[in-house]
Amino acid sequence: MNNRTLTIKDYTQVDLAQVEEITVVYCRLSKDDKNLNESDSIANQKKILREVVEKEQLVNPIYFVDDGITGTSLSYRPAISRAVELVEAGKVNNFIVKDLSRLARNYLDSGKLIEITFPENDVRFIAVSDGFDSSKQSDNDANLLPLRNLFNEWYARDTSKKIRAVKEAKAKAGERMTSNVIYGYKRDPENPKNWMIDPVGAEIVQRIFSEVKTGKSFSKIARELEQDCVETPSRRRLSLGEHPPALSLGLYNWHRTMVEDIIGKMEYLGHTVNGRTRRKSFKDKTIIQLPKEEWLIFEHTHEAIIDQDTFDIVQKMRQHKRVLGSPRFEVGHENLFAGLVFCGTCGSKHYYCAFEKNGQNLDHYKCSKYSRTIDRCENAHYIRKADLEEIVLAELNQLLKVINFDEPTFLKKLEKKFQLESSKATNRQRQKLLADERRYEEIDRIIQRLYEDSLSGKLTDGRFMKMSQTYEEEQTQLIDAISVAKETLSTQENQSLDVSRFMDRVKKYTQQEALSVEIVNELIDKIIIHKPEGTKRNRILTIDIHYNFIGDLKD
């Protein structure tokens, strides 16, 4: 063959079903190889393999290229997976690679291909740089081959370990590990590592959070975004000059999963979040989601789009299904108290049951354990949604009335409930804590001087032991006092903060004509339905409303 006339096409450009006796010309380059060895570039591999194809007069050569993909597993490489399918289908005569490590860095994968799959299908295998050709091999070559494959796997393991260590160090140092800027932000042109707000995307993010708070389903939000011709996250990245990891099917083809993904990102609070996932091993690239407790969160690294209060409310709401009890029911059968109603007997959640009879709305909530055969709740109580809505609305309006017309009295009630100290008393506690901490440090210095006097002979051993013991006993008492004071002050500060947060939320509202999903979730933590007393007309049902941050307000 002549080098100028030889044309080797990529396998994606060939109708493989119509080709027989293929020569697979396989090239692979991982991201790690790009950083370590320029000689392994795809272009260089093609040049070397092309020369061998010409020299050996190999027929029907076709390139199969996995660019930027690790060699530790076959299953994650589309090109070699397709090539192996053709081998097993009997369509391949020759299989050529630059070296054994290009085929695989996994000892088991490479061994299976070279010693089982290729021989069973009469495929000639050539690894150019390793000088291996299955049609010309000697016993020594065959014996050394497993060792070479094993060394390739060790190399891959060692490289993976080093790279993982570097990434972990960067993640712990607060360096942002994602290469993609999330929807709502764009790269700072002066420093591409920094994020700045994209006004167009940020407005949509705020819209999504706001609409989730109103109780809209993810699917409905997605449909309305599509109707309003809002660019999807991947299309918006493309408009900003970014290369998105994947493109949606259309410019405005929103899906509920996109909405759900957006509302779960802490980055919208202005935080950098690392360590959400990890890989099983250098061979198995399966992604494992890590619990939030293991995430590395670095606060206030960029400008926030969503405030903490809104984010917290939305996270709470997304934990509960808001779907209707039956697809037949639409307007008027909304699950207004989703995830908020609990049984006062067993503590379980109440199911929402959408029900209609003779045109009458009979929606109600009932204990989820009442219908069980095992671990059944003995309490058969339920409450109609309309009745619960009426009770909660009356309670909320009474609360709003008290706060709007007599806020000082309400705050005194909260102070009494939480046993909050006055600012003067709190300052006295802080001053006492500082004094105790200074005294503790002073005793350390005193004991050090006593020890020096004992060594110099100015103080007898007996006198030193007696005096140091007295001071150590005082220090022990101070440790207990300091610990109690810190815990008390911390509790006081948290409770004061909780009161402030509740007041900030509740003061946004005035008297309500009807309840909304937003006001219910902003103000109410849970509603407890107790076992009714009496029967029929004399039936009395006790309900406790626990508000966010401050709990139950009953005396």
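1. Tyr185 stands opposite Ile197 in strand S8. Strand S7 (residues 185-188) and strand S8 (residues 191-197) run antiparallel and are joined by 4 bridges; two strands pair if DSSP finds at least two bridges between them. A hairpin of 2 residues connects S7 to S8. Helices (H or I, at least four residues) and strands (E, at least two) are DSSP runs, numbered from the N terminus.

2. On the basis of the model: it is predicted, local features need pLDDT of at least 70, side-chain atom pairs count only at pLDDT 80 or more, and totals for chains, interfaces and linings use all residues. Residues are numbered from 1 along each chain as its sequence is written, and side-chain values use heavy atoms, with hydrogens and water left out.

3. On the chain as a whole: the protein chain has 16 helices and 21 strands. Of its 555 residues, 40% count as buried, where buried means under 20% relative accessible area, exposed over 50% and partly exposed in between (1.4 Å probe, protein chains only). Among contacts between residues at least 6 apart in sequence, 64% join residues at least 24 apart; contact means heavy atoms within 4.5 Å.

4. On the sheet that contains S1: 6 strands form an open sheet with mixed pairing, in the order S1-S3-S2-S4-S5-S6. Its edge strands, each pairing on one side only, are S1 (9-10) and S6 (132-133). Strand S5 (residues 124-127) pairs with S6 in the antiparallel sense over 2 bridges, and Asp133 in S6 is the bridge partner of Ile126.

5. Axes are lines fitted to C-alpha atoms, for helices over the stretch in contact, and angles run from 0 to 180 degrees between N-to-C directions.

6. On the sheet that contains S13: 4 strands form an open sheet, again with mixed pairing, in the order S13-S19-S20-S21. Strands S13 (341-343) and S21 (551-552) are the edge strands, each pairing on one side only. S13 and strand S19 (residues 524-529) run parallel and are joined by 3 bridges; Val341 stands opposite Ile527 in S19.

7. On the packing of H7 with H11: helix H7 (residues 199-213) and helix H11 (residues 308-318) pack at an angle of about 55°, with their axes 9 Å apart. That angle makes H7 oblique to H11; under 35 degrees counts as roughly parallel, over 145 as roughly antiparallel, 65 to 115 as roughly perpendicular and the rest as oblique. H7 passes H11 in a left-handed crossing, that is, the near helix is turned anticlockwise from the far one by less than a right angle.

8. On the residues of that contact: Phe209, Val212 and Lys213 in H7 meet Thr310, Phe311, Ile313, Val314, Gln315 and Met317 in H11. The residues of this contact divide into 6 nonpolar, 2 polar and 1 charged. Ala, Val, Leu, Ile, Met, Phe, Trp, Tyr, Cys and Pro count as nonpolar, Asp, Glu, Lys and Arg as charged, and the others, Gly among them, as polar.

9. On Lys213: this residue of helix H7 is buried, with a relative accessible area of 8%. Not counting residues up to four places away in sequence, Lys213 touches Thr310, Ile313, Val314, Met317, Val517, Glu518 and Glu522.
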